[in-house]
Amino acid sequence: MATGIKDKVAILAMGCSRFGERWDVGQEELMVEAYLEALGHAGIDPGMIEAAWYSSHYDDIGAGKAGTPMAQALRLPAIGVTRVENFCAGGTEAFRGAVYAVASGAVDMALAVGVEKLKDTGFAGLPPASRGTFAPMYLPTHTNPGNFAQLARAYGARHGIAPHDLKRAMAHTSMKSHANAVTNKNAHLRKAITMEQALNAPMVADPLGLFDCCPVSDGAACAIVTTPDIARSLGANAPVLVKAIQLVTSNGWEVQQSDWNGAYVHTARIAAHRAYAEAGIGDPRAALSLAELHDCFSVTELVTLEDIGLADEGTAWKRMLDGAFDADGALPCQVDGGLKCFGHPVGASGLRMLYECWLQLTGQAGARQLGAPSLALTHNLGGAPAQNVCSITILGAD
Amino acid sequence: MTGISALGLHLPRLRLARSSMAAAMDWLSPRAPARGARTLAFWDEDPISMGVAAARASLVQAPQARAAIGALTFATTTPVFAEPQNASLVHAALRLPERAATQDTSGTLRCGLAALHTALENSRPALVVAADCPTSPAGSLAEWRYGDGAAAALVNQGPALLAYRGGASLTAPFIERYRAADRPFATDWEERWVREDGFLDFVPRAIAAALAEAGLTAADIHHLVLPCVIPGCAKAVAQAAGLGHARLADDLGAECGDTGAAHGLMMLTHALEDMQPGERVVVAQFGQGATALVLEATDAIRGYSTGARAALAAGIPETNYLKLPLFRGQLAWERGLRGRLPVNEALTTAYRQAGALLGFVGGRCVETGRVQFPASRLPVTEAGLHRAPQGPWPQEPPVQEPWPLADLGGTVATATADRLAFSRHPPNCYGLVDLPGGGRLMMDFTDPDAADLAPGDPVRFVFRVKDLDERTGYRRYFWKAVADRPQPAPAA
């Protein structure tokens, strides 16, 4: 009988590069930047790392296929490197691989790295991803703003939210993340914005304007994981432990059958339910100290808050406007700026969220430290509302 | 006795105002007066897609006829492909029987009517589809006069709308216009010569020969259908042919323009709405000779709707002349990185999935009745916490029967107007569309008013260009959603 992942694996250390338009470096340097920070925190000989997982989405125009780009960039000590790709949820997927390897007892220490070098592609917004040969023959030429705009319209219609109110709630969502990122030296966008700026920004896909969309960034993040005992033996008195990791992938039901109403993300609800059960959390609103949600678009954050039980259905937009998810609110979300302002290097984002949770849980978050948080959640979504990969991870102080 | 048992046409929604064409080009080529408008194919319309639309408009009047069709001829002077056969794509989109013989015909504006002549002289049930997207140099008279459109006629033995009484086709090397196979534009010679030595010579002789075949005289004819862009020429031909008394059919110049190979059928379809049972019509068209057909309206035309007036009334005024050269690929334009990506042809996949892609055939589970697109060996089911366990799967999952979706229509579930995605007519509009039977798919919305579609709106499906790659000339087709608004009431 499976017993779940709770308390079987500890995060020894993490690292994260500066995100943004990194014209100065390529993907190798980004990985090295994150890796050296993690090694510095961990205080280990790299030879102790026995296996590695590597997340990068755009293989053909980014770092390249297979595990070799990472093994070479980090000069890893002749170990197995597995490349994973699960849309924008790839960072968490790499982490899951490393955590499962340690939990299985196959290795004592594993590394997870996510990287994306998007600003070598020339695109504004994410470049189109390959979809095989058949799907492009019938699917529209779509973009993520277009996909999530459908979520916004359906969410507004489902709950009878006036377009103006929804737009204001989305604007507050982005304002809050901009404010949070001002003090984050690694963030891509470090400038506060006003409600008016957000409301009046050019439309990308109605109702999503420019400030409802996260930027496209270069960046890398990494985690070194090990057993709780080894973490303690290496000097971590209260290591951050993995409490839950759940991953749910759409099987085509939402996009092929008319039962789903388009106003929520089916996989997120299931992943959250399973993650709370795995972590033994009955009331997530009381238990969680902070959350890092996949706020690729402002509306995604609002809908996710409801999908994962942090707000009642149809109320997240009001609570957002009331400041419940601001840094000084009842449940701070995106205290590092989130995808919206820390940035979104696709394959790295899941690990970046975990990095912020790890900083917060170990009291290392500096100017944005939230007291002494005990339990943190990350929600990492890849794909579109109608067809996606959704992962939820919960970390806790020992 | 053969006859035409159904007629249909398609006009693109955009109607480019000639005043706008004049505003853009009359510094170079002054033309007056700038009256009316011409049809302009949307970026995703071409002769194949328009031909499919016209054929569907005819078949909707004769739903039982589809399975019996033994021949399909696709006529156009502006074929999309030199290879493959354009008719094979029309055939696939219409889900015609595999044994229906298909052919393309081209080379003269008369090719559509000539194909109809051939079909009427044969006993096999046949579909004749004619479509054209004439391409002309900027500022030319041809650009001004011609429009885009398609028409189709279903030919059968037995009861018909229009019984075939006789016909004639004359052939001669009268070359008043030429366009080499590798050239985009035709060269036209002097119109007075074309009128005097061309139309006025060949068409009356073809009409006389057709009347002789029919055992009729000019006095027995009530209507004359004769496309001709030369002003006053059709009337002169009528006089010369002894048909001065006959009603000269509207050439649709004011609201449509001459649709080339389609225009004989187009004008006939439109004129049918003014005919009475028992009246006879001569349909003629000119080009390297002439074809004339004598047809007689039967009682079946009472209450028959060709949709012609509705199509004419459904236009969307367009005042931006530049859309014409841009849609035709005659003007280089900034499309951004997203517009430069190559189209992955994957012809193997395209053939393996031809039923789904061209015929828009999905699957329907024979056990549950659930519809899905595309069909799959394992039917899609919800997987979630609140679903009861399914239990062990049967060794053989339930079969999905082929389920044609093209004529079913659907309802918009989610919608977006995307300004980031590449589109030849931004914003790119798409969303989930729910199908009768519980299925849905994410699909493109099209036509100039696509951005108006909202959740809950009913849609119908149209066959359009999905992707085209200017570098290779390859293009592929799929079905898109358009608003299924009540058709404008035909004018009284």
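## Two domains in chain A

Chain A is assigned two domains: domain 1 covers 10–125 + 218–239, and domain 2 covers 144–188 + 195–206 + 241–397. This is a predicted model. The C-alpha centres of domain 1 and domain 2 of chain A are 23 Å apart. At their contact, 44 residues of domain 1 of chain A meet 33 residues of domain 2 of chain A. Together these two domains of chain A bury about 3000 Å², with 71% of that area on carbon and sulfur atoms. Three residues, Phe19(A), Cys88(A) and Thr92(A), supply 23% of the area that domain 1 of chain A buries against domain 2 of chain A, more than any other three residues.

What kind of pairs cross the interface of domain 1 and domain 2 of chain A? Nine residue pairs are in polar contact there, both residues at pLDDT 80 or more. The count of salt bridges across the interface of these two domains of chain A is zero. On the side of domain 1 of chain A that touches domain 2 of chain A, the elements giving two or more residues are strand 1 (10–16), helix 1 (27–42), helix 3 (90–103), strand 4 (109–116) and strand 7 (219–226) of chain A. Helix 3 of chain A gives the most to this side, with eight residues. By class, the side of domain 1 of chain A that touches domain 2 of chain A has 24 nonpolar, 13 polar and seven charged residues.

## Two domains in chain B

Chain B also has an assigned domain 1, over 2–327, and a domain 2, over 347–381 + 394–483. The C-alpha centres of these domains of chain B lie 31 Å apart. Their contact takes 22 residues from domain 1 of chain B and 23 residues from domain 2 of chain B. The two domains of chain B bury about 2000 Å² between them, and carbon and sulfur atoms carry 59% of it. Trp43(B), Arg56(B) and Arg95(B) supply 31% of the area that domain 1 of chain B buries against domain 2 of chain B, more than any other three residues.

How many salt bridges cross the interface of domain 1 and domain 2 of chain B? There are nine salt bridges across the interface of these two domains of chain B. In chain B, Lys480(B) forms a salt bridge with Asp44(B), and their closest N and O atoms are 3.0 Å apart. Twelve residue pairs are in polar contact across the interface of domain 1 and domain 2 of chain B, both residues at pLDDT 80 or more. Helix 2 (47–59), helix 3 (86–93) and helix 10 (323–327) of chain B each supply at least two residues of the side of domain 1 of chain B that touches domain 2 of chain B. Helix 2 of chain B gives the most to this side, with four residues. The side of domain 1 of chain B that touches domain 2 of chain B has twelve nonpolar, two polar and eight charged residues.

## Where the chains meet

Between the chains, 45 residues of chain A contact 51 residues of chain B. Chain A and chain B bury about 3900 Å² between them, and carbon and sulfur atoms give 58% of it. The interface of chain A and chain B has one salt bridge. The side chains of Arg370(B) and Asp259(A) meet in a salt bridge, at 3.0 Å from N to O. Polar contacts link 23 residue pairs across the interface of chain A and chain B, both residues at pLDDT 80 or more.

Which elements of chain A each supply at least two residues of the side that touches chain B? They are helix 4 (144–158), strand 5 (203–205), helix 8 (253–256) and helix 9 (266–279) of chain A. Helix 4 of chain A gives the most, with seven residues. By class, the side of chain A that touches chain B has 22 nonpolar, 18 polar and five charged residues.

## Backbone details

Most residues other than glycine have a negative phi, and most peptide bonds are trans. The peptide bond from Asp206(A) to Pro207(A) is cis, with omega near 10 degrees. Pro207(A) is in the loop between strand 5 and strand 6 (208–209) of chain A. Another cis peptide bond joins Glu83(B) and Pro84(B), with omega about 0 degrees. Pro84(B) lies in the loop between strand 4 (71–75) and helix 3 of chain B.

Ala66(A) has a positive phi, near 65 degrees. Ala66(A) lies in the loop between strand 2 (51–55) and helix 2 (68–73) of chain A.

## Confidence in chain B

The average pLDDT of chain B is 94, and 98% of its residues score at least 70. Over residues 488–492 of chain B, pLDDT stays under 50. For residues 488–492 of chain B, the model has five contacts beyond four places in sequence.

Note on methods: Residues are numbered from 1 along each chain as its sequence is written. Chains are lettered from A and ligands numbered from 1 in the order in which they are written. Side-chain values use heavy atoms; hydrogens and water are left out. pLDDT is the predictor's confidence in each residue, from 0 to 100. Contact means heavy atoms within 4.5 Å. Domain bounds come from an automatic or database domain assignment. Buried area is the accessible area (1.4 Å probe) that two parts lose on being put together, summed over both. A salt bridge is a side-chain nitrogen of Lys or Arg within 4 Å of a carboxyl oxygen of Asp or Glu. A polar contact is a pair of N or O atoms within 3.5 Å; within protein, one must be able to donate a hydrogen and the other to accept it, and residues adjacent in sequence count only if both atoms are side-chain atoms. Ala, Val, Leu, Ile, Met, Phe, Trp, Tyr, Cys and Pro count as nonpolar, Asp, Glu, Lys and Arg as charged, and the others, Gly among them, as polar.
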